[in-house]
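I opened this entry to record what I looked up, one topic at a time. The structure comes first, then my notes.

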Amino acid sequence: MTRSITLTLNGTKRTDTVEPRLLLIHYLREVAGLTGPHIGCETSLCGACTVHVDGQAVKSCTMFAVQADGSHVLTIEGLDAAGQLDPMQEAFWNEHGLQCGFCTPGMIMTAKQIVERNPSPSDEEIREGLQGNLCRCTGYQHIVNAVRSLSAKA
Amino acid sequence: MATTTTKTGLLVGQRIRRREDPRLITGTATYVDDIQMPGMQHACIVRSPHGAAKIKSINVKPALEFPGVAAVFTGKDTEKVGPVPCGSSLPGLRVPHHHILAMDRVYFVGHPVAVVVASDRYIARDAAEALEVDYEPLPAVSDPEKALAPGAPAVHPEWPDNTAFNYHQDGGDIEKAFAAADVIVKQRITSQRLIPAAMETRGVVAQWLAGDRALTLHTSTQVPHLVRTLVAQMLGLEENRLRVITPEVGGGFGSKLNVYAEEALMGFVAMKIGKPVKWIESRRENFTCTIHGRGHVDYFEVAAKRDGTLLGIKLKLIQDLGAYHQLLTPAIPTLSVLMMPGLYKCQNIRADIVGVFTNAVPTDAYRGAGRPEATHGIERMMDVLAAELKMDPVEIRRKNFIANDAFPFHTATGLVYDSGNYAAPLDKALETVGYKKLRQEQKEAREQGRLMGIGLSTYGEICAIGPSPATPAGGWESATVKIEPSGKVTVMTGCSPHGQGEETTFAQIAGDELGVGIDDVLVVHGDTAIVQYGIGTFGSRGTAIGGTAMYFAIQELKEKIKKYGALLLNSDDVTFADGVCTDNQTGKSVPLAHIAAASYRAMKLPPNTEPGLVATYFWEPPNFTFPFGAHIVVTEVDRDTGDIEIKRYVAVDDCGNILNPLIVEGQVHGGVVQGLGQALWEQAVYDDSGQLVTGELMDYALPKAGNIPWIETGHTITPSPVNPLGVKGVGEAGTIGCSPAIVNSVVDALSPLGVRHIDMPMTPEKIWNLIQAGGRA
């Protein structure tokens, strides 16, 4: 009933035995103890659980943990591993890109992907890139400001 | 010893980034679902799939047989737990007994029927699936107007008219006003059911320590102390044996201003099984069993003179209550009535509310709670009247504004507006948007056959809720301010912020008052074992009432600081300012940290003075506050698709003094976008069998980053005289100002087709059909 998986989580290799049906988000939160990524819907609509799997932003409620076997997974906790905030974390702080903070870990992981793919996004491209992440507090404007502040054009 | 930092300049008024953010941006904050405890069990709740049904039988055996299942409880087990409380008490209110688990009947989709407790959340869900409930479905009714029709299915068999209450309010002489009218306009206006949809669903972790007779509830709420008092009553537990901890809360918007069945249920389960238990609401549950908002059908009649002067307003308000009363369910529409005259000096009103039971989850407070409905009503009616009289919507509003010298202003609904300058934000918004030029552009657009609209709302709101006599549970707020022996400042507020940034704004106030740096101040909240009794965060009250309570606690401390300063300086003439006590004669001074240390060391005490520097203050506000503002929206409607493009959104708000412009902007943006959500996309839809057909995020359209316009914000400042901070509150302003402004804009765009009103949400399908029908709805 269970399978062994090995993955590199925030730079550290680990092996665990998991049920095949265990969602990646539940693996991260309850097996690996990384509660930064949040569960807002479990149906891949809200984006609060977004992490990077092999460099791609992924909603970790849409994947089973066993599918991440052999992958490099980066969560919000991995961004400031060197004791220094990631520029995107700093940008969200400076621009008040969060209120209740629940969507924030997923939002930051998505925002990083936007500028990784396009270093000088327009506001429209930023908003398009954020379409998969819901925020009920900010009205998104300060989030757009945060992402724009890291644009190469800024 | 002197560890406090030297501070330069005032903190209040600065764009200071938030103190609470480091834990949130690093993923290290603790929300309820992040809590783990040894031996913790997971609960899954079995809920009714029917809008109305009899429960013929429940077979728990298949669930109990799952390996890992610890217990299953049904309504029979929890029968002795007290009912879910309703805090409002209108005359003649019918209050159905709201058991925490259904007994022999279910009244709405999502009604809790049983709880399955297991060692793992997957097993709990599997076992809950296996539990067998035999239902006999019954006819249901989910539309409040249909529920009032003769012969409608009775939601509660004992009350076949489905009427929970009738409420009337009169002001002035409405009959005389209507008799004197040159013109009377009528309109049916709805404010549809909405789903608050905080990004964090609700959740509870309960722990019972039998040896201590101590129950701890970690719960995602806006009102931890109210939860403690009321859940203790429900469970028959002494109040001081229940500790409620509100960890990080992922949004509320009113939906967590409540006491829910699940909070008592998890306490009950923990006490029964003797192990900690966690319940985390799924998104589907959040949509079906956490309160909804709005649910109004309003019939307005407005009487006016030919020159646009308002004479009287009549309102028949049908409130969809759902199947039960939650904490404030029946009270919400009464707030709408209070604000029905808006910013206008009309002194004749009559309102008749009928509260209607339906087979749906209860409605209750959702961002704005009664005031968006009121503002939507009066601001739509001002445009309906302006169209009838062929007046400019700006002109008709100016004509009826309460004058600047009329404050404090006594309204026909019994309120006293604290302060106002209603033309100021309107003028600023008109100038920002370039109103005259826009009307010219609109004329040209219409000549080209384009559907361009300009809409505005000049809104007022009732905030800082509120004086205790106006609330069901006390409307004051509390603060304890402690200056520690090192001079560091700890503030414990009875507020329970969940995104509003009060850890920052309160530290700004305290920093300025005590002359210490913002990093010297720590703001603590949300644990009933640590913080003195408090009311909570809702109704745009946090800073205006909670901040004021802290302010007064600090004033008491300052007197004590001066006494210790005088002792240390051996003087009887000292002042305290900028963090130091100074002898006015010699100019010698002693810093706060030395004073604090001396007050705790207590080698010598000033006359009639106790050791230590701690003060607690409960502040009862003398009145509400009344923020206001003007929103202007420019739209263009696509004739071929019915799509609405928002070309400009200008929001000028007056929330009194501004403590932190960055946070205020964020509150306005978020509020406006929730208003846009209501105006354009969101609607909770139940079908005729009581099934919620918008039961998931897939079916319920929340605003997304790419669907909303840039919001241009501005402010005017009219301080409130109600509190010494001069603040009014801003949490709900955006939502209240938004919906009538954009609906007025789209109606204006379609007015060449003869359109006079559109109900929300203004989906492209609705607009396209309206265009196809030549403007006839």
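I began with two helices of chain B, α10 (residues 371–389) and α18 (residues 733–750), in what is a predicted model. Their axes come within 8 Å and cross at roughly 30 degrees. Angles under 35 degrees count as roughly parallel, so I noted α10(B) and α18(B) as roughly parallel to each other. The crossing of α10(B) past α18(B) is right-handed.

Next I looked up who makes the contact. From α10(B) I listed B:Arg371, B:Pro372, B:Thr375, B:His376, B:Glu379, B:Arg380 and B:Asp383. From α18(B) the residues include B:Ile736, B:Pro740, B:Val743 and B:Val747. By class I found 5 nonpolar, 5 polar and 4 charged residues in this contact.

Then I turned to a sheet. It is open, has 4 strands in the order β21-β20-β19-β25 (chain B), and its pairing is mixed. I saw β21 (521–524) and β25 (614–619) of chain B at the edges; each has a single partner strand, so one side of each lacks a neighbour in the sheet. Neighbouring strands are turned by 15 degrees against each other on average, direction ignored.

I checked one pair. Strand β19 (residues 477–483) of chain B runs antiparallel to β25(B), over 6 bridges. B:Val481 sits opposite B:Ala615 of β25(B). Helix α15 (residues 542–569) of chain B packs on this sheet and touches β19, β20 (489–493) and β25 of chain B. The direction of α15(B) makes about 40 degrees with that of β19(B).

Last, I asked how many residues of chain B are in contact with chain A. I found 39, against 44 residues of chain A. Helix α17(B) supplies the largest share of chain B's side, 7 residues. That side has 18 nonpolar, 11 polar and 10 charged residues.

Technical notes
Residues are numbered from 1 along each chain as its sequence is written. Chains are lettered from A and ligands numbered from 1 in the order in which they are written. This is a predicted model: local features need pLDDT of at least 70, side-chain atom pairs count only at pLDDT 80 or more; totals for chains, interfaces and linings use all residues. Two residues are in contact if their C-beta atoms, placed from the backbone, lie within 7 Å. Ala, Val, Leu, Ile, Met, Phe, Trp, Tyr, Cys and Pro count as nonpolar, Asp, Glu, Lys and Arg as charged, and the others, Gly among them, as polar. Axes are lines fitted to C-alpha atoms, for helices over the stretch in contact, and angles run from 0 to 180 degrees between N-to-C directions. Angles under 35 degrees count as roughly parallel, over 145 as roughly antiparallel, 65 to 115 as roughly perpendicular and the rest as oblique. A crossing is left-handed if the near helix is turned anticlockwise from the far one by less than a right angle, and right-handed if clockwise. Two strands pair if DSSP finds at least two bridges between them.
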